[in-house]
Amino acid sequence: MKTSIDVFDINAQRKVGAFPIERLDKMYDEWRAKGIGVLLDRDGDICLDDEEPEDDGLYYSEQVEDLEKWKHAHK
């Protein structure tokens, strides 16, 4: 299991960094407070997007659960 997650800024097309999983809920709150959408890619990395944030409002652990369900449904 990963202990840190890579975060990418979609608009700038660059890696922001890797964040420890235990800090992600706080980071999600900070990003969302700035109007940034927080999404996962299919590999479980975080993608930040402020042009068209289609943020589902879920935290990382909840988004990972949804991603796993989606992967199992599309096998």
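Visitor: Before we start, what counts as a helix here?
Guide: A helix is a DSSP run of H or I with at least four residues, and helices are numbered from the N terminus. Please note that this is a predicted model.

Visitor: Which helices supply at least two residues each to the negative patch?
Guide: They are helix 1 (24–33) and helix 2 (60–73).

Visitor: And which helix gives the most?
Guide: Helix 2 does, with three residues.

Visitor: Which residues form that negative surface patch?
Guide: The patch consists of Asp25, Asp29, Asp56, Glu62, Glu65 and Asp66. One of them, Asp29, is found in helix 1. Asp29 counts as partly exposed because its relative accessibility is 41%.

Visitor: New topic: how many salt bridges are found in the whole structure?
Guide: The search finds three. In general, side chains of opposite charge can pair when their charged atoms come close.

Visitor: Which residue pairs with Lys26?
Guide: Lys26 meets Glu30 in a salt bridge, at 4.0 Å from N to O. Both residues lie in helix 1, four residues apart, which is about one turn of the helix.

Visitor: What about Asp45, which side chain does that one meet?
Guide: The side chain of Asp45 forms a salt bridge with that of Lys2, at 3.5 Å from N to O. This pair links distant parts of the chain, 43 residues apart: Asp45 is in the loop between strand 3 (37–40) and strand 4 (46–49), and Lys2 is in the segment before strand 1 (4–9).

Visitor: Is Asp45 buried or exposed?
Guide: Asp45 is buried, because its relative accessible area is 10%, and buried means under 20%. Lys2, at 41% relative accessibility, counts as partly exposed.

Key. Residues numbered from 1 in each chain as written. Predicted model: local features only at pLDDT ≥ 70, side-chain atom pairs only at ≥ 80, totals over all residues. Heavy atoms only, no water. Patch = residues over 30% accessible without salt bridge, like charges linked within 9 Å, V, L, I, M, F, W, Y side chains within 5 Å. Areas by Shrake-Rupley, 256 points an atom, 1.4 Å probe, with all protein chains shown as cover. Lys, Arg positive; Asp, Glu negative; His and termini not counted. Charge placed at Lys NZ, Arg CZ, Asp CG, Glu CD. Buried < 20%, exposed > 50% of the residue type's maximum accessible area, 1.4 Å probe, protein only.
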